[in-house]
Structure formats: structure tokens, C-alpha cells
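Please examine the protein chain shown below.

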Amino acid sequence: MIYNSRAAFFCSLVVSIAVGILRATKILPDGLWIQLSVFAVFPLVLCFWQRIRIMFARPLVVFLDKLCIAQHDEELKQKGIFGLAGFLDHSRQLTIFWSHRYFSRLWCTYEVGTFLRAKKQKLILVIPVKLAVILCLFFVAELVIMVGYFMLSNLKLESTVNDVEELFSFFLLFSLFYMPCLPLLFYLGIGMMSDLKELPQQLRKFRVQDAKCFCCSHKHRHPDTGEVLPCDRELMFQMLQKWFGKAGDLKEEHLEVFNRLVHEDLAPRVLRSVGSDALPFNYSIYMVVVNTLPGLCTLIPTLVAGPPDSFNRFNILQHSIWASREIMNWLFAGVVVLYALRLSMRGWLIAVTLLPHCPRHNRVICSILMPVLMSVMLATQWFSFQLALSHSEQDSLFPAIPFIAWLLVLFCFWSWGAPSTSSTAGNSFAAEPPIFKEEVLSSIDVDGNNRKTDDDSASTFST
């Protein structure tokens, strides 16, 4: 997602425009299958972009410590650990794939210590692990919705007697496509918000002395083979003493220095990254709104064909208004999608706030009921624009009123994030540069060396 979603988005945009032009020039036939085939571009490029990119650009290199640091030989492993610091010294950004156990893992704290010891403050980005899953589910849900939308748009509802009944019937059929996708999405979203609410307390109570490691958790015996395990904690504490200790320090003074650095430096930066209930806007565009791009396959031929014959051929203003209505009709799908994203995040936060401990059965109930409420709100938005479109002349700008109104509501609603939790850290820092971006070179640490992979946290170092 981090490295491929932007490229996949622009590839989908280019293909959608190209197919639209080819259909407008009659090189490609008109047909639903042409439009539906464009939906395959994004997932294909998302999965295989790095293999495509290597054909014309320098490949991205990823350092995965579970694979790149030897696990079978203690001497090689120790050399790899000491070498890791040298590699990280040349990194520009630390990306933390955060789960609720991240700051309780010894190896994760070691990585943070390695990054914080640099005199020059570097970028630190925190991405909840569940965020990628949620955005992928949003993509799948929106893909199902848009495919259903285009399929239903090609059906003529003969039994309807007026526009309102036709719109309502269309919406009921449309609901069959998206309602099955939402409960799972809301269940995971509420869980992510519940985890994020614990993050400030984790950072305030952080002590590297309390961090867990595989060897100490199993009393320095491998659970499968019974082999004696050397203590990772001793090795890590020696490195922290080298970085943060001074001559004459007390026994754990260097560890307390590191703890204060986490509390006073890292905590505000982490909380600033995840201190709002709004999804990253660029990833929201790349991963979800991308499903509205195939609509260009129909919009472009429509614009090229021109307005109805009843229009005055030389009336430029009339033609411009008609074209604006068609473009607004296409753009409004993206507005609804972004509104659904923002509404979902706000709903998850409200659910966690009202249900502090959020037992599993309460999460299930909220995950079933909240999508229904959200659907009603989205239906209000969609009906208001579609009715304005269908009950106005084709040379009328009346639909621009609900379009602009909902656009302003979206802007205000998206900007209205949850109060930043960074104030709980007790420090303020200068504004960070944009943090969600693709990087040139990365090394990834999957939480835990010399142990089974039992956690879902990871860290990425970008150079």
C-alpha cells in the first residue's frame, strides 16, 4: 500500500482516460464489459508495481531483519545486530507499523533507540497495522459497490412510474451490493480505534526495562528444541548504554535517559501522527476513490457526443452547463465515497467512546447497526443530488447547489478531526513535513528476532 498505491492510482487514471477516448472515437465498442475490465487495473498494478517498475527504474530495496539478520548462528546474528545501527544511520524516516503490543517488545524499542540517538531529528511515521487492512476492505467494498452501480445503471426499471420511485428502487437494489461488506469493516474499524485510544497511556508508562523479549519470556530455553538462548536484553541494554550512557552514571541511568527521550521526544511525534480520527487523505484517494475513475470510460464519450439535439448548436453557455452537469454527476460519486470514509471513522470513535471497554458482543452489535445508520445518511446525500439532477432542465445549474453544499460539508467534516492527543505528552514540536509518502529505500523489521513471529508490529527505515 505504501509503495504501490499511488502508482496504481495513476495507472488506473491513465487507462480510464485512454479507454474513454478509444470509446469516443469508436475504436473500442460500447459495452459494459469494457468499463468493468478497467476495474482490474488498480489491483493488478497494486500487487505487481515493483516488478513493472524494475523494467524502467532502479528497484526498491527492502531490509527485512527476520530474513537479513541470521537466526541460525548467534555470532552472525550479533554481527547483524551491530551492523543494523550503521544502516539505520543512513535512513531518513522511521515508519512504525503499530499494534497495541509494539512498545512492549524489546526489539521494537531497540529500533526506536537507534533512530532517536541521531542528533538530527528525523521523520517518524506511525501507521496502525489495521489501517492497511481497513483501507483494503474499503477498496473491496467500494469496488463491489461501483461494479454494482454500473451494472444497475444499465438496467431499465420498467415497473417504476416516476423518478422518485425509480431512484428508490435503484437504491434498494444498490444496497444488496454494499451492505454485506460493511459489518466486517466496522468491526475492524472499532477495534483499531479502541487500540489507538490506549496509545497515549502506553507512551506515558513506557519503560524499556519492562519490554518483553522471546528469550526472557521462555527462561532462555527454546520452547521447541530446549536449546539455551543467549539474552537479547543484555545485548540491547549494552547498546543503549553505549548510546545514551555517560561515565559515572548509575546502574540504569542510561535506560532512564532513553525512557525520557521516548516520553518527551517520541511521544508527541507519534501522537501527532495518529492523534486524529481522520484517515490519511492521500491513501483515501489512492485506495478507495480510485474506484470512481472507470466512470471516465462513459463520461468522455458522453462529452464528445455532445448534448441532445434540442440544444442550440451555437449556444456555448448552454453546452457548458450541460457538460458541467455531466462532470458533477461523475464527481459526486467521489464525494459520497469520501463522506462515507469520514463518517465511518467518526462512527468508530463514537462507538469506542460510548463503549469504553468495547466487549466483543457490543462491537458486533455496533458493526451491524452503524452501517444501517450510515446508509441512511449517504442515501440522503445521494437522493438530494440525483433528484436535483432529474428534476431540472439539462441546461440548468440547479444541481450545483446540492453538489457544492455537500462538498463544503465534506471539507468541514474531514477537517474536523478529533482533538489531538499530543497534548497529553506535555510537549509541543514544530510541524512535521508530509509523512505519508513513497520512499526510495527501506528496511523493514518484523517485530522480534530469535523468536516465533507472534506479533503484528513492524518498523520500516527509509533512506
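The account begins with the chain as a whole and then turns to selected helices.

This is a predicted model, in which local features need pLDDT of at least 70 and side-chain atom pairs count only at pLDDT 80 or more, while totals for chains, interfaces and linings use all residues. Residues are numbered from 1 along each chain as its sequence is written, and side-chain values use heavy atoms, with hydrogens and water left out.

The chain contains 17 helices and 5 strands; these are DSSP runs numbered from the N terminus, helices being H or I with at least four residues and strands E with at least two. Of its 463 residues, 49% are buried, where buried means under 20% relative accessible area, calculated with a 1.4 Å probe and protein chains only.

Helix 1 (residues 5-24) packs against helix 14 (residues 296-305) at an angle of about 40 degrees, and their axes are 7 Å apart. Axes are lines fitted to C-alpha atoms, for helices over the stretch in contact, and angles run from 0 to 180 degrees between N-to-C directions. The angle makes helix 1 oblique to helix 14; angles under 35 degrees count as roughly parallel, over 145 as roughly antiparallel, 65 to 115 as roughly perpendicular and the rest as oblique. Among the residues that meet here are Leu13 and Ile17 in helix 1 and Ile300 and Val304 in helix 14. By class, this contact of helix 1 with helix 14 has 10 nonpolar, 3 polar and 1 charged residues.

The buried residues of helix 14 are Leu296, Cys297, Leu299, Ile300 and Pro301. Their cover includes helix 1, helix 2 (32-38) and helix 15 (316-354). Just after helix 14, Gly306 has a positive phi of about 90 degrees.

Helix 1 also contains Ser12. Is Ser12 buried or exposed? Ser12 is buried, with a relative accessible area of 2%. Leaving aside residues up to four places away in sequence, Ser12 touches Val41, Phe42, Val290 and Leu293; contact means heavy atoms within 4.5 Å.

A further pair is formed by helix 15 and helix 17 (residues 400-415), whose axes come within 10 Å and cross at roughly 30 degrees. Helix 15 and helix 17 are therefore roughly parallel to each other. The residues of their contact divide into 16 nonpolar, no polar and 2 charged. Those that meet include Phe332 and Arg346 in helix 15, and Phe403 and Trp406 in helix 17.

Note on methods: Ala, Val, Leu, Ile, Met, Phe, Trp, Tyr, Cys and Pro count as nonpolar, Asp, Glu, Lys and Arg as charged, and the others, Gly among them, as polar. Buried means under 20% relative accessible area, exposed over 50%, partly exposed in between (1.4 Å probe, protein chains only).
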